[in-house]
Amino acid sequence: MLDPANTLPYPDAFGPDGAPAPHPLLEPLLGFLGSWTGRGRGGYPTLDEDFTYAQEVTFSHDGRPFLHYEARAWLLDAEGLPLRPAARESGWWRMQPEGRVEALITQPTGIAEILTGRADGGAVDLTTHQVAVTPTAKDVEASRRRYTLADDDTLDFVHDLAAVGHRLRHHLTAQLRRAARSRP
Ligand code: HEM
C-alpha cells in the first residue's frame with residue numbers, strides 16, 4: 001500500500017491553471033508562474049569588462065499566498081557557449097493585499113536579501129529592506145530588481161546593486177522567454 005508519508009501530497013504548480021488553485025493574493029503575479037530562460041548582460045564598476053550570461057528562472061506555488069523563486073545563471077563566452085556557473089539563488093515572494101510583495105532571497109555567496117515592493121500591471125519592482133551577509137561574503141548594501149512582463153512570454157529583468165563601496169549601480173539586464181508552463 002502507498003505510504004502517504006513517502007509521497008508529497010502538495011506538489012508545486014508551475015502555472016495558473018489546474019491544481020492547486022492559486023491563492024487569490026497571487027493574482028498580480030500569475031503571469032510569472034513557470035520557467036523562463038534567456039540571455040543577459042552585466043557589469044559593475046569593479047570589473048574590467050562587461051559579461052554576457054544565460055539564466056533560468058522558475059516561479060511556482062503550492063496554493064498558499066507566496067511564490068517559490070529559483071534562478072541559476074551561467075556565464076557565456078564570446079561565441080555564446082557556457083563558460084562557467086555564475087549566480088544561483090532561491091527564495092520566497094510573499095504576497096500581501098494591494099499587490100504588496102515581501103521577498104526573501106538567499107545566495108550561496110553568503111548573501112541573504114529581504115526586499116519589499118509592488119506587483120502592478122505585470123511588473124514587479126523590489127528594493128532592499130535588509131541585507132544580511134555571512135562573515136566571508138562580499139559587502140552588499142542594497143539592490144533593486146525590476147521584473148516586467150513585456151508580453152505573456154517575455155520577462156525583462158533589470159538588477160541594480162550597491163556593493164563593495166559603490167552606490168546603487170546597474171549590475172544585470174536580461175530578457176527571458178517562457179520555457180514551459182510545467183516542469184518536465
Ligand atoms: C544573473 C545573475 C548574476 C550574474 C550572472 C552575476 C555575475 C557576476 C560576475 C561575472 C561578477 C564578477 C566576479 C565573478 O567573475 O564572479 C559578479 C560580481 C558580483 N556580483 Fe554578481 N551576478 C549575478 C547576480 C548577483 C546578485 C543577485 C548579487 C547580489 C545581490 C550579486 C552581487 C555581486 C557582487 C557583490 C559582486 C562582486 C563585485 C566585486 O567585488 O567586484 N550578483 N557578478
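**Figure 1. Overall fold of the predicted model.** Of the contacts in the chain with a separation of 6 or more, 41% are between residues 24 or more positions apart. The structure shown is a predicted model. Its secondary structure comprises zero helices and 10 strands, in the order β-β-β-β-β-β-β-β-β-β along the sequence. The radius of gyration is 17 Å, close to the 16 Å that the globule rule gives for 184 residues, so the chain is as compact as a globular protein of that length. The C-alpha trace spans about 60 × 35 × 35 Å along its principal axes. Buried residues account for 24% of the 184 residues.

Figure 2. The UniProt record, an unreviewed entry, lists residues 26-178 as "domain: THAP4-like heme-binding". This span is 0% helix and 69% strand, and its end C-alpha atoms lie 19 Å apart. The chain over residues 34-40 is 100% strand and 0% helix, with the end C-alpha atoms 19 Å apart.

**Figure 3. The shell around the ligand.** The ligand is surrounded by 22 residues, of which T46, A73, A86, A87 and A163 are the closest. Strands β2 (51-60), β3 (66-76), β4 (82-95), β6 (111-120), β8 (140-151), β9 (154-163) and β10 (169-180) each contribute at least two residues to this shell. Its composition by class is 14 nonpolar, five polar and three charged residues.

**Figure 4. Residues annotated as a binding site.** According to UniProt (unreviewed entry), the feature "binding site" is placed at T46, K138 and H171. T46 is also listed among the residues closest to the ligand. K138 is located in the loop between β7 and β8, and K138 counts as exposed because it has 11 C-beta neighbours inside 10 Å. Beyond its neighbours within four places in sequence, K138 contacts T109, A163 and V164. H171, by contrast, belongs to strand β10; H171 counts as buried because 20 C-beta neighbours lie inside 10 Å. Leaving out residues up to four places away in sequence, H171 touches G42, Y44, H159, D160 and L161.

**Figure 5. Strand β6 and its two faces.** Side chains alternate between the two faces of the sheet in a regular strand. Along β6, I111, E113, L115, G117 and A119 point to one face and are buried.

**Figure 6. Strand pairing on either side of β6.** Strand β5 (residues 100-107) runs antiparallel to β6 and is joined to β6 by eight bridges. T116 of β6 is the bridge partner of E102. The hairpin of β5 and β6 has three residues between the strands, and G110 there takes a positive phi near 90 degrees. Strand β7 (residues 123-133) is likewise antiparallel to β6, with 10 bridges joining the two. L126 in β7 is the bridge partner of G117. Two residues separate β6 from β7 in their hairpin, and G121 in the turn has a positive phi of about 55 degrees.

Figure 7. H68 is found in strand β3 and is partly exposed, because 15 other C-beta atoms lie within 10 Å. Although H68 and W93 are 25 residues apart along the chain, their C-alpha atoms are separated by 6.6 Å. Apart from residues up to four places away in sequence, H68 touches D12, S60, H61 and W92.

**Figure 8. Backbone exceptions.** Most peptide bonds are trans, and most residues other than glycine have a negative phi. The peptide bond from A19 to P20 is cis, with omega near -10 degrees; P20 is placed in the segment before β1 (34-42). E98, which is not a glycine, has a positive phi of about 55 degrees. E98 lies in the loop between β4 and β5 and counts as exposed because it has 10 C-beta neighbours inside 10 Å. V164, also not a glycine, has a positive phi of about 40 degrees. V164 occupies the loop between β9 and β10 and is exposed, with 12 other C-beta atoms within 10 Å. V164 is also one of the residues in contact with K138.

How values were computed: Residues are numbered from 1 along each chain as its sequence is written. This is a predicted model: local features need pLDDT of at least 70, side-chain atom pairs count only at pLDDT 80 or more; totals for chains, interfaces and linings use all residues. A residue is near a molecule or strand if its C-beta atom, placed from the backbone, lies within 6 Å of it. Helices (H or I, at least four residues) and strands (E, at least two) are DSSP runs, numbered from the N terminus. Ala, Val, Leu, Ile, Met, Phe, Trp, Tyr, Cys and Pro count as nonpolar, Asp, Glu, Lys and Arg as charged, and the others, Gly among them, as polar. Two strands pair if DSSP finds at least two bridges between them. UniProt positions are given in the numbering used here, feature names are shortened, and annotations may be inferred rather than shown by experiment. Two residues are in contact if their C-beta atoms, placed from the backbone, lie within 7 Å. The radius of gyration is taken over C-alpha atoms; the globule rule is 2.2 Å times the number of residues to the power 0.38.
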